[in-house]
Amino acid sequence: MARFPRPPEGTWTEHYPGLGTGPVAFEDSVSPAFYELEREAVFKRAWLNVGRLEQLPRNGSYFSKNLPGLRVSLVVTRDRDGRVRAFHNVCRHRGNKLVWEGTPRDEARGNARQLVCKYHDWRYGLDGACRYVHQEGEFFDIDKGKLGLAPVHCDVFAGFVFVNLDREPRWTLREYLGPMVGALDGYPFDRMTERYSFRAENDSNWKIFIDAFQEYYHVPPLHTHQLGPTPEAQNPEYEFEAAHYQIDGPHRMVTTSGTHKHRWPAEHLYPAEALTRSGSTGPWDAPDLGELPGVNPSGVERWGIDNFQVFPNLEILIYERNWFVTYRYWPTSHNTHVFEGDLHFVPATCARERLAHEYAALTFKEYGLQDCGTLDGTQMGLEQRVFDEFPLGDQEILVRQFHKTVGEWVDAYERERGEGGKR
Amino acid sequence: MSDALLPPEFADVEPWAATWCLATEPERWAMRLASTMDEMQAFYDAFFPRAEEAIAWCDRFPLDALPADAEHLLQLLHSLLMVSYAVEVWHQPEVVHGGSAVIDRIVEPRP
């Protein structure tokens, strides 16, 4: 029995007629050949989030970002004029990786007047210009003005730093994000500067993990413990239903009507939840952030979480208790990926607030391990190729839309490549 | 008593301080996985009843200017939360259905 009104068509899925209701193939998540296409068709065309402005706190700040599955490493800078820029992290001289710390496989961050290559001491400004060539007189007809770093298209939305690896991006960042995600401009992300970052190397296709976080149908069965310590709370037959789904171009969102644990009787809480006044939906005592543009677009009563899935690989989770989480998924092969999860809070001012944040961060990891732990089993099952197609329910509409969109982007890429070949 | 880590008011939980006053989540996580349920239950039983008092003690100071013993007490509270998942939720050190997955915390606020 539906607890929330559905669109006039009767289901969310049928509200978007292009989606169909038939079973869906996941060949896109097990095929090495598809992955090769996807890298070019999706990751070399879409705008990709590589960090937040808070990671570039001052003019002269920089960080490197490795995208090994795409065979790309970037360095993102805030130059002397405050402009955010991105470059390929490669020295113009002999192609050495420019910025790294520890080993070339590790990322680096810092603040500098210039970026110095460890190999032959060539130096670059934060604007990418070549500033110094060691023993310049030894070179032939050298023009430093033409030996800068290779720039990458870079733009910022609501403090999220995006890059585009295409030669000429097909859309500006704002065009790409569209009205649904664009409405978050002005949400006070920049007040939540206290960050907990997590990283996992998972044995699954990147899309399979996104699928786990774009439906809540799995929550009562897999995360039974999350519901509470009592048998009444831990009811695996509990039927989850999201209050609202929305699709805008390649982007998707789902709104949940909240588990407002701060309203629960103490006997249904874990003692540590009651102690810290915190848990899976965050600290119970929310900071006052004033107006919150863009959230809860359908005006759901008892709004809980907005889960924005920004194509292809960024998820922004905005909680009713005024904190937010981002997930990013970077493919490293057709059946492995790196997962990055960042939790953002208004900075704690006392130990009690710190512990509320800590308990939320612990909770994220404990239940996230259940998601990750299940994941390689899904990949193994799919790679067995027993079934060609799989049924998806109405609560899995975003899974359906996501795989369809990736397929369309790959089709478009192949079509364009085919046309190019004919010429 | 000069080598005590905690404020004298929390001398009763001092026996756990050497093991569980750990500054970072990776250290606390590793200690949880290396501990038996009996060890963690004993720490939990001893400290949880005093946790509210310990939080109030830490909050007598600004978070960015905690004296060393209060900072240790806050670390011990962090470990109590780490242990609480094993004791209250999973009834084992590892996450139930966690499989072979690993999630590393690579950035966190201090203290």
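Tutor: Leaving aside its neighbours within four places in sequence, A:N335 is in contact with A:V30, A:D203, A:S204, A:N205 and A:Q379, where contact means that two C-beta atoms, placed from the backbone, lie within 7 Å. This is a predicted model, in which local features need pLDDT of at least 70 and side-chain atom pairs count only at pLDDT 80 or more, while totals for chains, interfaces and linings use all residues. Residues are numbered from 1 along each chain as its sequence is written, and chains are lettered from A and ligands numbered from 1 in the order in which they are written.

A:N335 itself sits in the loop between β16 (324–333) and β17 (336–345) of chain A, and the secondary structure of this chain comes to eight helices and 17 strands (DSSP runs numbered from the N terminus: helices are H or I, at least four residues, and strands are E, at least two). Although A:N335 lies in a loop, it is buried, because 22 other C-beta atoms lie within 10 Å (20 or more count as buried, 12 or fewer as exposed, and anything in between as partly exposed). In chain A as a whole, buried residues make up 42% of the 423 residues.

A:I208 is 127 residues away from A:N335 in sequence, yet the two C-alpha atoms are 9.3 Å apart in space. For chain A, 65% of the contacts between residues at least 6 apart in sequence join residues at least 24 apart.
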